[in-house]
Amino acid sequence: MRYAAPAPQINAMIDPFGRTVSYLRVSVTDRCDLRCVYCMAEDMTFLPKREVLSLEELERLCGAFIGLGVRKIRLTGGEPLVRRNVMSLIEGLGTRIGPEGLEELTLTTNGTQLAKHADGLVAAGVRRINVSLDTLDADAFRAATRWGKLDQVVEGIMAAKAAGLAIKINAVAMRGVNEHEMDRLLEWCGRHGFDLCLIETMPMGEIEEDRTDRFLSLDVVRARLRLNWTLNPTGYQTGGPARYFDVAETGTRVGFITPMSHNFCESCNRVRLTCTGTLYMCLGQDDAADLRAPLRAGADDAQLKAAIQEAITRKPRGHDFVIERARPAAVARHMSVTGG
Ligand code: SAM
Ligand code: SF4
């Protein structure tokens, strides 16, 4: 007996490798108030305003993705909280949290504006955030961000904690910069109840220095941490590339994102939308779809969804980051374009 093939699911995004896309990262601005050395050149040229989608346009595109099965949205940047009126977008998306819509709305931030926005984020329905903090040394922080103030970020983090947000600290591991601070970072995070996620540098966008000089393998970091901490493998998964361990001494978790040492693409459930409405199907590949053109040409929701579905048919199997081949950068755009 023969069975008819199931009708195509038009309200889900399934790529050619059978992966269901349910997670959208949205870079709401390419601008930032810091210039982290691994992320941006000191003298960056930012996008002209006309190329950047309005907050209303961004919300409309997010709505189309939610209609196609996106259950989690992470706002990022550049620095999402420096975009003027960004809270109106966050509040708008917050209304989409619910059984038929988003399971989670979250953001990745450098923390400089958190003291101002922590309560508003909670009111909008945000429950947890990622904050990037590579070092607890004020001088090293200023050097790593070119002019950032550690106190301002720590104050923001503490305001977020007081507001009731769960916090994960993201730290890029860099040889000669913070490699001897890993125990201190883990201890500090543990004391405050924060998870810690360590990241290897990725070859994205031209910066002044050679990234191979700073590259620090997380296999080495993990082995060193194990001298002082009990790291128990855990099944905890975020659907992303991090491998997590429970830290017995703190009751918190430490994760390792190792795009250079291990391939994490098999379970990839995400796509990335930039503030110009460009949809990247993979962080490490250049292929993209322009959603701004149909949006500004007056496309209705069905047409927007069709444009998104077409893009998903082009989601590649994986990236080709290899640090030895990282200069020139493996992909030309900076991390601040797609937001990591
Ligand atoms: N400004 C926000 C922040 O710093 O959290 C959000 C955007 S930032 C591009 C997102 C994350 O990407 C940060 O944790 C940052 O450390 C990381 N990142 C930036 N450039 C990177 C690179 N070349 N390799 C690895 N991580 C990078
Ligand atoms: Fe800005 Fe985040 Fe890039 Fe640092 S990592 S320059 S805070 S966008």
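User: Quick one before we start: what is a polar contact here?
Analyst: A pair of N or O atoms within 3.5 Å. Within protein, one atom has to be able to donate a hydrogen and the other to accept it. Bear in mind that the model is predicted.

User: OK, helix 4 then. What does a side-chain oxygen of aspartate 137 reach at its start?
Analyst: The backbone nitrogen of aspartate 139, to within 3.0 Å.

User: Which residues of helix 4 are buried?
Analyst: Helix 4 covers residues 138–145, and its buried residues are Ala140, Phe141, Ala144 and Thr145. Looking down the axis, they fall within an arc of 120 degrees, so they line one face of the helix.

User: Why would residues three or four places apart point the same way in an α-helix?
Analyst: Because an α-helix has 3.6 residues a turn.

User: What do the buried residues of helix 4 pack against?
Analyst: Helix 5, residues 150–162. On the face turned away from the buried side, helix 4 carries the exposed residues Asp139 and Ala143.

User: Switching to the ligands. How many residues surround ligand 1?
Analyst: There are 19, and the closest are Tyr38, Gly78, Thr108, Ser132 and Met202. By type, the shell divides into six nonpolar, 10 polar and three charged residues.

User: What lies 3.2 Å from an oxygen atom of ligand 1?
Analyst: A polar backbone atom of threonine 109. On the nitrogen side, a ligand 1 nitrogen is 3.0 Å from a polar backbone atom of glycine 78. A nitrogen of ligand 1 is also 3.2 Å from an N or O atom in the side chain of glutamate 79.

User: How much of ligand 1's accessible area does the protein cover?
Analyst: 95% of the 550 Å² that ligand 1 has on its own.

User: Which elements give two or more residues to that shell?
Analyst: Strand 3 (104–109) and strand 5 (166–172).

User: And what surrounds ligand 2?
Analyst: Cys32, Leu34, Arg35, Cys36, Cys39, Met40, Gly78 and Asn110. That shell splits into five nonpolar, two polar and one charged.

User: Zooming out, how many helices and strands does the protein chain have?
Analyst: It has 11 helices and 12 strands. Of its 340 residues, 55% are buried.

User: Of the contacts between residues at least 6 apart in sequence, what share joins residues at least 24 apart?
Analyst: 75% of them.

Note on methods: Residues are numbered from 1 along each chain as its sequence is written. Chains are lettered from A and ligands numbered from 1 in the order in which they are written. This is a predicted model: local features need pLDDT of at least 70, side-chain atom pairs count only at pLDDT 80 or more; totals for chains, interfaces and linings use all residues. Side-chain values use heavy atoms; hydrogens and water are left out. A residue is near a molecule or strand if one of its heavy atoms lies within 4 Å of it. Accessible areas come from the Shrake-Rupley method with a 1.4 Å probe; for residues, only the protein chains shown count as cover. Helices (H or I, at least four residues) and strands (E, at least two) are DSSP runs, numbered from the N terminus. Ala, Val, Leu, Ile, Met, Phe, Trp, Tyr, Cys and Pro count as nonpolar, Asp, Glu, Lys and Arg as charged, and the others, Gly among them, as polar. Buried means under 20% relative accessible area, exposed over 50%, partly exposed in between (1.4 Å probe, protein chains only). The arc is that of the directions from the helix axis to the C-beta atoms. Contact means heavy atoms within 4.5 Å.
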